[in-house]
Amino acid sequence: MSPKHTTKQTENPFTKRREPLGFMLWLGVAGSSVLFTSIFVIFLLRAHKETAHLVALPDMFWLSTLVILFSSITLHEANLAFTNERFLHYRVFLGATLLLGFIFIMLQTGGWMEMVNSGVFSGVNTSEGFIYLLTGLHLLHMMGGVLYLSYLFRKAVKNRSYVDSFVYSVNPPNRLRIKLFTRYWHFTGALWLVVFIFLIVLY
């Protein structure tokens, strides 16, 4: 073969093959970030045009913030246990994360009910409507995460023996799923912190 045909081609970073699931997650995160940023901007542009009364955020929103922070810690510990083949610890921390996810959803729902019972929902204006929009959209993200986390936990419980757990852990697709889900969960946690701080500052 002629030397002309043996030259090494440089890989174009825009055309190189990417991992499909990772790329889909990146697109989802980017889309959610744009959506919430748009809501923030729209609210800031309209907030000065109305004289809405201040809305006291429910105490359950504060408590749910602590819960979601702890859930990120337990999921991080679950990942470390999975990587180090400590499968019992993996199941325990994964189950703890799932429990904290359910608690977060219940606290958020309780916060909504508290606002409804206090009459915030009656005669909703733009300011109050944005509270429901922001917290509601984030709650949908969390529900999706909890559903998938339930699937991962069921798999972890099913593969209870060390051999089954080891075979499951060395499977590259399984490792990828857990890694990508961890990124998603941390994103939803960071997203809630941004939403919560935004609401505290403006309300």
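This is a predicted model: local features need pLDDT of at least 70, side-chain atom pairs count only at pLDDT 80 or more; totals for chains, interfaces and linings use all residues.
Of the 203 residues in the chain, 39% are buried.

What kinds of elements make up the fold? You'll find six helices and zero strands, so reading from the N terminus the order is simply α-α-α-α-α-α. Contacts tell you how the chain comes together: take those with a separation of 6 or more, and 85% of them join residues 24 or more positions apart.

Now for the annotation. An unreviewed UniProt entry lists "transmembrane region" for residues 21–45, 60–80, 92–110, 130–153 and 184–202. Residues 21–45 are 100% helix and 0% strand, with 36 Å between the end C-alpha atoms. Residues 60–80 are likewise 100% helix and 0% strand, and here the end C-alpha atoms sit 30 Å apart.

Let's zoom in on one residue, Thr-65. Which helix holds Thr-65? That would be H2, which covers residues 59–83. Is Thr-65 buried or exposed? Its relative accessible area is 8%, so Thr-65 counts as buried, the cut-off being under 20%. As for its partners, leaving out residues up to four places away in sequence, Thr-65 touches Trp-192, Leu-193 and Phe-196.

Key: Residues are numbered from 1 along each chain as its sequence is written. Side-chain values use heavy atoms; hydrogens and water are left out. Helices (H or I, at least four residues) and strands (E, at least two) are DSSP runs, numbered from the N terminus. Buried means under 20% relative accessible area, exposed over 50%, partly exposed in between (1.4 Å probe, protein chains only). Contact means heavy atoms within 4.5 Å. UniProt positions are given in the numbering used here, feature names are shortened, and annotations may be inferred rather than shown by experiment.
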